[in-house]
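Have a look at the sequence and the model on the screen, and I'll talk you through a few spots.

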Amino acid sequence: MTLQSCFTYHSAERMGCHLVLISVIMINTYHSSVASPPPPLPPRQSQVFIQPQGPSASHSKNLFRSLLAVVVLHFLLTVGGFAFLYYTGRMEKPLSEASSSSRALARMIVVKRIRNQESTCKQLTPSCHLFSYLQWDMKHSVRSNVNYYHSSWLTVLQPGDYLVFSRVSFSKADPKRPLASAVKLKRGASSKETVAMQAYCSLNGSVSIPRLCTASLVEVMTLETGNQLSLWVQDLSLVDYSETATSFGMYKL
């Protein structure tokens, strides 16, 4: 039954049509009053974790080599800088400081000899019968840029002006002659020796009271390379061999 056919029927039939129309209108009204369901949610995309790709082996090697080269270069520059500063500082030292570090000097301690060497001295040089040489104690002596010869001579290695000094103390007197000490000089190992300096002191003959006397020498001498110096006395048995009593030294000015 349609709406157009309802108008063509009789009154009884029209009543039925009216009921149908009312039912349709009520159904439509119900459907329109009911809220429409929400639209469906879009499907959630699954999260995919992508792990970052690490550097390749060749890239790691290149990076390591670069870092190693930087470290080596930094080390070389540091060492070179310190070397440059060190040698520059040495070159720019004051003259007095630079010379004092390599200045020739010697402070010799004498050692006691058991017998006199006068007989040997006479065989070598007839003019040395009045003197015998003092022998150095090499373990307790101090030397710098000065050599020694036969433990009794000092050999000059650097030419220049030297302050030469000696101190010889005597504990016994010589009844026949004054007590004497001398600094002997040789221009070379085979050259003739000469007396460069000489000093005397005296003691009385009394043995009840022990006495000492000291013969001291100080002189500025111009020495050449190869010159030799030694300290001589007339009788070794008369010398006081204490370290503070008898010594010999030289100092380059």
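So, on the surface there's a nonpolar patch made of Phe-64, Leu-68, Val-72, Phe-75, Leu-76 and Val-79, and together they have about 600 Å² of accessible area. Quick word on terms: a patch takes residues with over 30% relative accessible area and no salt bridge, where nonpolar side chains (Val, Leu, Ile, Met, Phe, Trp, Tyr) are joined within 5 Å and like charges within 9 Å. The areas come from the Shrake-Rupley method with a 1.4 Å probe, and for residues only the protein chains shown count as cover.

Val-79 sits in helix 3, residues 57–91. Helices (H or I, at least four residues) and strands (E, at least two) are DSSP runs, numbered from the N terminus.

Now, a caution. This is a predicted model, so local features need pLDDT of at least 70, side-chain atom pairs count only at pLDDT 80 or more, and totals for chains, interfaces and linings use all residues. Residues are numbered from 1 along each chain as its sequence is written, and side-chain values use heavy atoms, with hydrogens and water left out.

How confident is the predictor? pLDDT is its confidence in each residue, from 0 to 100. The chain has a mean pLDDT of 75, with 62% of its residues at 70 or more. Over residues 91–100 the pLDDT is below 50, and beyond near neighbours in sequence that stretch has two contacts in the model. Residues 124–130 are also below 50, and that stretch has nine contacts beyond near neighbours in sequence. Contact means heavy atoms within 4.5 Å.

Let's zoom out for a second. The chain has five helices and 13 strands. Of its 253 residues, 29% count as buried. If you take contacts between residues at least 6 apart in sequence, 72% of them join residues at least 24 apart.

On to the aromatics. How many aromatic pairs does a search of the whole structure find? Three. Rings of Phe, Tyr and Trp (its six-membered ring) pair if their centres lie within 6.5 Å; planes under 30 degrees apart are stacked, over 60 edge-to-face, and the rest tilted. Tyr-133 and Trp-232 have ring centres 5.5 Å apart and planes at 75 degrees, so that pair is edge-to-face. This pair links distant parts of the chain, with Tyr-133 in strand 2 (residues 132–133) and Trp-232 in strand 11 (residues 228–233), 99 residues apart.

Trp-232 turns up again with Trp-153: their ring centres are 5.9 Å apart and the planes are at 65 degrees, so that one is edge-to-face too. Trp-153 is in strand 6 (residues 153–156), and the two are 79 residues apart. Both Trp-153 and Trp-232 are buried.

Next, charges. Side chains of opposite charge can pair when their charged atoms come close. We call it a salt bridge if a side-chain nitrogen of Lys or Arg is within 4 Å of a carboxyl oxygen of Asp or Glu, and a search of the whole structure finds two. In one, Arg-177 pairs with Asp-174, with the closest N and O atoms 3.0 Å apart. Arg-177 is partly exposed at 30% relative accessible area, whereas Asp-174 counts as buried at 16%. Lys-184 and Glu-193 also meet in a salt bridge, at 3.4 Å, N to O, and both of those residues are buried.

Asn-145 isn't a glycine, yet it has a positive phi of about 60 degrees. You'll find Asn-145 in the loop between strand 4 (142–144) and strand 5 (146–149). His-150, another residue other than glycine, has a positive phi near 55 degrees, and His-150 is in the loop between strand 5 and strand 6. With 60% relative accessible area, His-150 is exposed.

Last stop: Ile-109, in strand 1 (residues 105–111). Ile-109 is buried, at 5% relative accessible area. Where Ile-109 and Ser-247 are concerned, they're 138 residues apart in sequence but 5.2 Å apart in space, C-alpha to C-alpha.

Methods
pLDDT = per-residue confidence, 0-100. Buried < 20%, exposed > 50% of the residue type's maximum accessible area, 1.4 Å probe, protein only.
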